[in-house]
Amino acid sequence: MSSLSLPIETDRLNLRTFERGDVDGLSAYHALPSIQRYVFSRTRDKAEVAGALNIMRGHVSLQRPGDTLTLAMCRKGDKALLGHVSLHWSDATAGQGEVRFCINPSFAGQGYVREALDALFDLAFDHFRIHRILARCDGRNHHSIKLMQQLGMRLEAHYREHALFQGEWDEELHFAILDREWQRSSTVKDLPPRHRVDEPAHHRVA
């Protein structure tokens, strides 16, 4: 297995693992009600954000199914923390992965998430040899829907009223793309490929 070369550099961003000093930058967006709808670690104050940061600081590699790699989106120049993107290895046998993303609303609409996801998809397909990537978004989040379409992903499922969030029914859309369908980005430096991810022997079920 070849090592993962971080940070990943794009035109305007450095994508790196989270650090202890990121708590203020993460607090600026993670606990916002508009963000809480889409994150897995619920946070209401700075102490809970620090707990979420601790979890994300451990998301540094994909070694076995269930692992997650989470990268902070840092703007070049001022090094501002804009948001984060994650790649979750959900299934080894079928080569399935899931991407998640979150951005401070102050920096939304400027193409930063698209730039970060371009790099993350390259990483997933070229370095980790993921076969299929899934992304979920709220049915009312039109910006995310447009982004998934721009990335070349197709809508595979629409779950109506599948969960309650703060007293309201949620609508969830599932988008996906295969490795052979992905158009590689030309703005990201090449990474050394490694062997296709395989499920460890002790995880195999007869």
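Modeller: Let us begin with the largest nonpolar core of this predicted model, which has 41 residues, and in which M73, L117, F121, I133, M148 and M153 touch the most other members. Two or more residues each come from β2 (13-16), β3, β4, β5 (96-103), α4, β6 (132-138), α5 (142-150) and β8 (168-178), and α4 gives the most, with 10 residues.

Colleague: Which residues does F121 touch, not counting residues up to four places away in sequence?

Modeller: F121 touches V99, I133, L151, M153, I177 and W182. There is also a second, separate core, which has 13 residues and includes Y29, I35, V49 and C74.

Colleague: Why does F175 count as buried?

Modeller: Buried requires a relative accessible area under 20%, and F175 has a relative accessibility of 2%, so F175 counts as buried. F175 lies in strand β8, where nine of the 11 residues are buried. Leaving aside neighbours within four places in sequence, the residues in contact with F175 include I133, L134, C137, I145, M148 and M153. The C-alpha atoms of F175 and C137 are separated by 8.2 Å, although the two residues are 38 residues apart along the chain.

Colleague: How do you know that β6 and β8 pair, and in which direction do they run?

Modeller: Pairing needs at least two bridges between the strands, and seven bridges join β6 to β8, which run antiparallel. In this pairing, I133 stands opposite I177 in β8.

Colleague: What puts the buried residues of α5 on the same side of the helix?

Modeller: The buried residues of α5 are S144, I145, L147 and M148. They cover an arc of only 160° around the axis, which puts them on the same side of α5. On the other side of α5, H142, H143, K146 and Q149 are exposed, exposed being a relative accessible area over 50%. The buried residues of α5 pack against β5, α4, β6 and β8, and just after this helix G152 takes a positive phi of about 90°.

Colleague: How does the span of α3 stand against the expected value?

Modeller: Helix α3 (residues 46-57) has 12 residues and reaches 16 Å from its first C-alpha to its last, close to the 16 Å expected at 1.5 Å a residue. Within α3, V49, A52, L53 and M56 are buried. They cover an arc of only 105° around the axis, and so they are on the same side of α3. In general, an α-helix has 3.6 residues a turn, so residues three or four places apart point the same way. Among what covers the buried residues of α3 are α1 (23-30), β3 (68-75) and β4 (81-91).

Colleague: What caps the N-terminal end of α3?

Modeller: D45 is the cap, with a side-chain oxygen that lies 3.2 Å from the backbone nitrogen of A47, a distance within the 3.5 Å used for a polar contact.

Notes:
Residues numbered from 1 in each chain as written. Predicted model: local features only at pLDDT ≥ 70, side-chain atom pairs only at ≥ 80, totals over all residues. Heavy atoms only, no water. Helix = DSSP H or I, 4+ residues; strand = E, 2+ residues; numbered from the N terminus. Expected span 1.5 Å × (residues − 1). Buried < 20%, exposed > 50% of the residue type's maximum accessible area, 1.4 Å probe, protein only. Arc of directions from axis to C-beta. Contact = heavy atoms within 4.5 Å. Polar contact = N/O pair within 3.5 Å; in protein donor to acceptor, adjacent residues only side chain to side chain. Core = buried A, V, L, I, M, F, W, Y, C linked by side-chain atoms within 4.5 Å.
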